[in-house]
Amino acid sequence: MAPSAVVVGGGIAGLASALALAGTGWDVTVLERSAELGEVGAGVALSRNAVAALGGLGFSDDDVAALGAPTRAEGTRRSDGSPILTIPDTAASSVAVALVGVHRGRLHGALLARARAAGVTIETGTRVDDVAPGGPDGRPAVAAGHEADLIVGADGVRSATRSALFGLSPTYSRYSSWRAIVPREPQVDTLRQYWGPHAEFGVMPVSADEAYWYGYVRMPEGRRFADEAAAARGRFAGWADDVARTIDLTAPGALLRHDVYSLPGGAPSYVRGRVALVGDAAHAFLPTMGQGAATALEDGLCVGLLIGHPVARGGSLAAALAGYDAARRPRCRALGRAARMSAVIGSHLGGGVRQRLRNGLMRLTPASLVGAGADAAMGWRPPAPTEPA
Ligand SMILES: Cc1cc2nc3c(=O)[nH]c(=O)nc-3n(C[C@H](O)[C@H](O)[C@H](O)COP(=O)(O)OP(=O)(O)OC[C@H]3O[C@@H](n4cnc5c(N)ncnc54)[C@H](O)[C@@H]3O)c2cc1C
């Protein structure tokens, strides 16, 4: 009989894990609390490592390109639009910062279609409140009355699975983010990021005729505005003309805002009993490196390669889980640290002399250093599948 897995949460990490496990012969059920499966959100920048993970999940480069708009990060600008750091458009540096801008709904829809085609059962309207982790060589794990050989906790930043295992909750970043999909203007052909005191604005293409923008700003937790678009316009007043024009393209009702939470340091282990944590459940980063969805895809693929593959071939679950934790935790911790560092020098930096000092130092940064930093984060390649001992 095929080994069984229950995946808690049908977001990007959950669907990637389900697809990867089904591909190695597991019988997989996804439990999703929402009545309908879909992705709230606007755009996502798929960096090279995200594209590599999607490759491991069976997407060709052309499949990924067809999901959105292949482009590149162009560097950062001051709030008035003048460049701080420009990444030259040469062959070498463009590869380092290449990305595909994608509408989140399209990425999610593509993963869902492939998971269904691979035989994954999706059970919507099922909220998991508690998880019994079982023992890797003994009792099965249980979630919402479903027993399984493996449970994958993919239930996001407020993960009930993580909470049951480690009692850990996320903390408010003190930042909130407006996001929207708008009609694409012809000059929007790269990821363009603007930094000002305690704020960042970004815009990139996500298809031939759509662009995605975000405005990430310091704000008290839970703040609400009667008119969110007017609040965004007010917060970015005085920034480059492109910023105001992009906000003004937003259709009524198309503007989202979410307070941003993170889990500094991540979970102390990504495995316990028969449970593996993936995505924001394991390591909710600050969004300042744009690596949350990318690592959710990496994690999902690794669940298949490092746990699904060996266990379906008779290998030990305990050894496979230990291998998954050893492969994923150091990498994600390093990315979490990089995201915090990027916040400190970027969107979380206060005003006045700090901005001038940062901008001056960054103007002296050689492009080769930026390329090397991008390679460390985004040059990730999928590991070889673990073969059972
Ligand atoms: C402002 C902002 C910008 C970002 N930009 C980028 C970017 O450009 N690039 C990038 O790579 N990442 C980006 N990210 C991060 C990225 O969006 C997340 O890291 C990623 O979506 C996490 O995926 P996930 O599947 O782990 O969690 P989620 O997407 O949160 O999915 C969790 C799923 O579990 C379900 N669920 C939750 N609790 C339960 C329960 N108890 N029982 C059953 N189901 C449950 C939810 O309904 C949901 O479907 C950004 C994040 C923010 C906040």
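**Close-up views of a pocket and a cavity**

**View 1. What kinds of residues line the second largest pocket?** In this predicted model, the lining of the second largest pocket is made up of ten nonpolar, eight polar and two charged residues. Altogether, 20 residues line the second largest pocket.

**View 2. The centre of the second largest pocket.** Look here for Ser262, Pro264, Leu286, Gly336 and Arg340, the lining residues that lie nearest the centre of the second largest pocket. The space in the second largest pocket comes to about 240 Å³.

**View 3. Helix H11 and strand S12 at the second largest pocket.** Two elements, strand S12 (171–183) and helix H11 (317–345), each give at least two residues to the lining of the second largest pocket. Which of them supplies the largest share? That is H11, with six residues of the lining.

**View 4. The largest cavity.** Now we move to a cavity. Rolling a probe the size of a water molecule over the atoms shows where empty space is left. The count comes to one cavity of 30 Å³ or more, and the largest cavity holds about 110 Å³ of space. Of the 13 residues that line the largest cavity, Val188, Arg192, Tyr194, Val203 and Asp242 lie nearest its centre.

**View 5. The elements around the largest cavity.** Strand S13 (191–196), strand S14 (199–205) and helix H8 (241–248) are the elements that each give two or more residues to the lining of the largest cavity. The largest share of this lining, four residues, belongs to H8. By type, the lining of the largest cavity splits into five nonpolar, three polar and five charged residues.

How values were computed:
Residues numbered from 1 in each chain as written. Predicted model: local features only at pLDDT ≥ 70, side-chain atom pairs only at ≥ 80, totals over all residues. Heavy atoms only, no water. 1 Å grid on protein atoms, 1.4 Å probe; cavity = no way out; pocket = protein on both sides within 12 Å on 5 of 7 lines; lining within 4 Å. Points joined across faces, edges and corners; volume = space filled by probe spheres on them. Nonpolar A, V, L, I, M, F, W, Y, C, P; charged D, E, K, R; others polar.
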